[in-house]
Amino acid sequence: MGELMSTTGVRCFCIRRVTFAFLFLFAGTAYADSNTRIIYKQQVEKPLSLVYDSVYISLEKARFFVVFEPYIGKNLARFSDKWGDDYNRNNISAIRSMVFCNGWYANKVSNLDPDMLGFCPLHLTLFEREGKTTVLFNRPGMIAQNSPARELLMKIESEVIEAIRQGLL
């Protein structure tokens, strides 16, 4: 009986250590520094209708010209009857996107690494939930880790993020 207890005790100890290790790993990932995330995320306590135009203007002032504006929320709403209970389970009230590019940067990227032209055009997505707007931007510098264009993509990334920040003030 004593041998069974000690084996059980060792198992419990090992299970607790493994559980703690996983919790630590996932907690560290969930709260990772925003500079290491592939997707830049910023939230503001304003409805999308109040921030959309200012983000648009801020991007254009930074010479990132918006070439397309998909209204994703309206497109998804067309399927609400078809999708039934599976439609918009997160209660997002609006989803919009901006597709944008800077021709000079596109040329520079193509000269350094044509494979990175997948980032031209760039895009960001804005969504609103409970009166708060979230902006999401795929960070090209984080994705292009081994590219000869990485340094330039990091510069582009920082300029876009600064334009987003300025647009959300």
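**Entry 1**

I began with strand S3 and asked which way its side chains point. Ala-94, Arg-96, Met-98 and Phe-100 point one way from S3, while Ile-95, Ser-97, Val-99 and Cys-101 point the other way. All of these residues are buried, and buried here means under 20% relative accessible area, with exposed over 50% and partly exposed in between (1.4 Å probe, protein chains only). Helices (H or I, at least four residues) and strands (E, at least two) are DSSP runs, numbered from the N terminus.

**Entry 1: what I am looking at**

A note to myself on the source: this is a predicted model, in which local features need pLDDT of at least 70 and side-chain atom pairs count only at pLDDT 80 or more, while totals for chains, interfaces and linings use all residues. Residues are numbered from 1 along each chain as its sequence is written, and side-chain values use heavy atoms, with hydrogens and water left out.

I then checked the confidence. The chain averages a pLDDT of 84, and 79% of the residues score at least 70; pLDDT is the predictor's confidence in each residue, from 0 to 100. Over residues 10-33 the pLDDT is below 50, and this stretch has 3 contacts in the model beyond near neighbours in sequence. A contact means heavy atoms within 4.5 Å. Where pLDDT is low, the predicted coordinates should not be read in detail.

**Entry 2: the partners of S3**

Next I looked up which strands sit beside S3. Strand S2 (residues 65-68) pairs with S3 in the antiparallel sense over 3 bridges; two strands pair if DSSP finds at least two bridges between them. I found Phe-68 bridged to Val-99 of S3, and Val-66 bridged to Phe-100 of S3. Strand S4 (residues 122-129) also pairs with S3 in the antiparallel sense, over 7 bridges. There, Met-98 stands opposite Leu-124 of S4.

**Entry 3: the whole sheet**

Stepping back, I read the strand order as S1-S5-S4-S3-S2, an open sheet of 5 strands with antiparallel pairing. S1 and S2 are the edge strands, each pairing on one side only. On average, neighbouring strands are turned by 30 degrees against each other, direction ignored; the axes are lines fitted to C-alpha atoms, for helices over the stretch in contact, and angles run from 0 to 180 degrees between N-to-C directions. In total I have 7 helices and 5 strands in the chain, following the pattern α-β-α-β-α-α-β-α-β-β-α-α along the sequence.

**Entry 4: the core**

Which residues have the most contacts inside the largest nonpolar core? They are Leu-59, Phe-100 and Leu-124, in a core of 31 residues. A nonpolar core is a set of buried Ala, Val, Leu, Ile, Met, Phe, Trp, Tyr and Cys residues joined through side-chain atoms within 4.5 Å. The elements giving two or more residues to this core are S1 (39-44), H2 (48-61), S3, H5 (103-112), S4, S5 (132-138) and H7. H7 gives the largest share, 7 residues.

Leaving aside neighbours within four places in sequence, I find Leu-59 in contact with Phe-64, Val-66, Met-98, Phe-100, Leu-124, Val-160 and Ala-163. In soluble globular proteins, nonpolar side chains tend to be buried together.

**Entry 5: helix H7**

I checked the length of H7 (residues 150-167). At 1.5 Å a residue its 18 residues should span 26 Å, and the end C-alpha atoms are 25 Å apart, which agrees. The expected span is 1.5 Å times one less than the number of residues. Among its buried residues are Leu-152, Ile-156, Glu-157, Val-160 and Gly-167.

Is Leu-50 buried or exposed? Leu-50 lies in helix H2 and counts as exposed, because its relative accessibility is 59%. Leu-50 and Thr-133 are 83 residues apart in sequence, yet 9.3 Å apart in space, C-alpha to C-alpha.

A cis peptide bond joins Cys-120 and Pro-121, with omega about 5 degrees. Pro-121 lies in the loop between H5 and S4.

I also marked two asparagines in the loop between H4 and S3. Asn-88 has a positive phi near 50 degrees and is partly exposed at 26% relative accessible area. Asn-91 has a positive phi near 55 degrees and is exposed at 58%.
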